[in-house]
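Q: I have a model open and want to learn to read its architecture. Where do I start?

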Amino acid sequence: MINGRALVELDMAAMLEDGIPEQRFDLAGLLVQRAFTYLTGAPKQFKTFLALAWSICLASGEPFAGRAVSGDHRVLFIEAENWRQIPKRFAQLCAGYDVDHRTALKSIRFFKPNRPLRLENEAHAAELIQIAKGWGATLTVIDSFVRVHGLDENSSKDMALLANVGLLPLRDEAKCGILALDHTPKGHYGKQRTGGEQVRGSGEKLAAADAHLDVDVHRKDGQTVIETKVESFRLAEEPEDSLYLRPHHTPNGGLWFAKRGAPEWLSRGRRPTQRTGAAEIIKAARKINPELSQARAIDLAVAAGYTESTAKRAYNQETAA
């Protein structure tokens, strides 16, 4: 509940006349302002490194792989996996981005659970919200999702409870973004995955989120290529292309992520982009039923693991073809 009220009226007349305000980014093309975002990937896929790098870039204003930072930021980093890994990685990344760690720590605070953290518990959720509000956090990083609750991730009821008690109020009452790191289901490690296959458990997890990013690391002939893909933005345009990164070690012992193109060996035989993949499903369904309605076409694409916004754009692409 915000400001003591459970409901706030929407000024529909003003929105119809003036339009809905354009969705802004804290980190261009990656982190939507005040959004609840999942970052998924298998273990050892640089998720924590990326979350730390993004935090340092937000705190310092340094761009990430050519992506600009907008606004002034304070980051709250909840490390519930292994806090001992953080100091070395943080120091490496600060050195790589040429940011004094003492300066960065003026805008980034790190916390670890003192006991099992259960954000479905109203008291635990209220404590985190109060810390975020008191710090003036613009982003709260949760590393990782599985460590901050004691619920059944396959239960839509449990995941809805967690979102309604611990996650969405954090976003709305503290007025900050959330970046929750989450592991890909084990059965999909090392495989090409649709959006639904990248998140463990109930579809209610994604239903509560505003955005979904997925990271996949490819290694060949001594090369390491980190692919970051926007799977869904609820209110912003989803880019078709992945962001490819190369971890680069600097002479001062630092680490940073350099943007690079997609390697040729990776692009061969790859699954189509999200929009193209959804369009192929709609095209195949239209061959069976030439009178296929837009609503039915979108339902079929969503059932295959694509987001509704991607399915709508795929329908328009296929209709225009």
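Q: How many helices and strands does the protein chain have?
A: This is a predicted model. Its protein chain has 11 helices and 11 strands.

Q: What is the strand order in the open sheet?
A: The general idea comes first. Strands of a sheet pair through backbone hydrogen bonds, and they do so either parallel or antiparallel. In this model, an open sheet of nine strands runs in the order 5-4-6-7-3-8-9-10-11. Its pairing is mixed.

Q: Which strands stand at the edges?
A: Look for strands with a single partner. Strand 5 (108-111) and strand 11 (255-260) each have just one, so one side of each is left without a neighbour in the sheet. On average, neighbouring strands of this sheet are turned by 25 degrees against each other, direction ignored.

Q: How many bridges join strand 3 to strand 8, and how do the two run?
A: Strand 3 (residues 36-41) and strand 8 (residues 211-220) run parallel and are joined by four bridges. Threonine 37 stands opposite alanine 211 of strand 8.

Q: Which strands does helix 3 lie across?
A: Helix 3 lies across strand 4 (75-79), strand 5, strand 10 (243-249) and strand 11. To strand 11, helix 3 runs at about 55 degrees.

Q: At what angle do helix 2 and helix 3 cross?
A: Read the distance and the angle together. The axes of helix 2 (residues 47-60) and helix 3 (residues 86-96) come within 10 Å and cross at roughly 50 degrees. That angle makes helix 2 oblique to helix 3. The crossing is right-handed.

Q: Which residues make that contact between helix 2 and helix 3?
A: Helix 2 supplies Thr48, Phe49, Leu52, Ala53 and Ile56. Helix 3 supplies Ile86, Arg89, Phe90, Gln92, Leu93 and Cys94. By class, the contact has eight nonpolar, two polar and one charged.

Q: Is helix 5 roughly parallel or oblique to helix 6?
A: Start from the axes. Those of helix 5 (residues 122-135) and helix 6 (residues 156-173) come within 9 Å and cross at roughly 25 degrees. Angles under 35 degrees count as roughly parallel, and helix 5 is therefore roughly parallel to helix 6. This crossing is right-handed. Among the contact residues are Leu128 and Ile129 of helix 5, and Val165 and Leu170 of helix 6. The classes are seven nonpolar, one polar and three charged.

Q: How do helix 10 and helix 11 cross?
A: The axes of helix 10 (residues 294-303) and helix 11 (residues 308-320) come within 9 Å and cross at roughly 130 degrees. Helix 10 is thus oblique to helix 11. The crossing is right-handed. The contact includes Ile298 and Val302 of helix 10, and Lys312 and Tyr315 of helix 11. Its residues are six nonpolar, two polar and two charged.

Q: Which residues does the cis peptide bond join?
A: Check omega. The bond between aspartate 143 and serine 144 is cis, with omega about 5 degrees. Serine 144 sits in the loop between strand 6 (139-143) and helix 6.

Q: What is the phi of alanine 65?
A: Alanine 65 has a positive phi of about 50 degrees, although it is not a glycine. Alanine 65 lies in the loop between helix 2 and strand 4.

Note on methods. Residues numbered from 1 in each chain as written. Predicted model: local features only at pLDDT ≥ 70, side-chain atom pairs only at ≥ 80, totals over all residues. Heavy atoms only, no water. Axes fitted to C-alpha atoms, helices over the stretch in contact; angles between N-to-C directions. Parallel < 35°, antiparallel > 145°, perpendicular 65-115°, else oblique. Left-handed = near helix turned anticlockwise from the far one by under 90°. Contact = heavy atoms within 4.5 Å. Nonpolar A, V, L, I, M, F, W, Y, C, P; charged D, E, K, R; others polar. Pairing = 2+ DSSP bridges.
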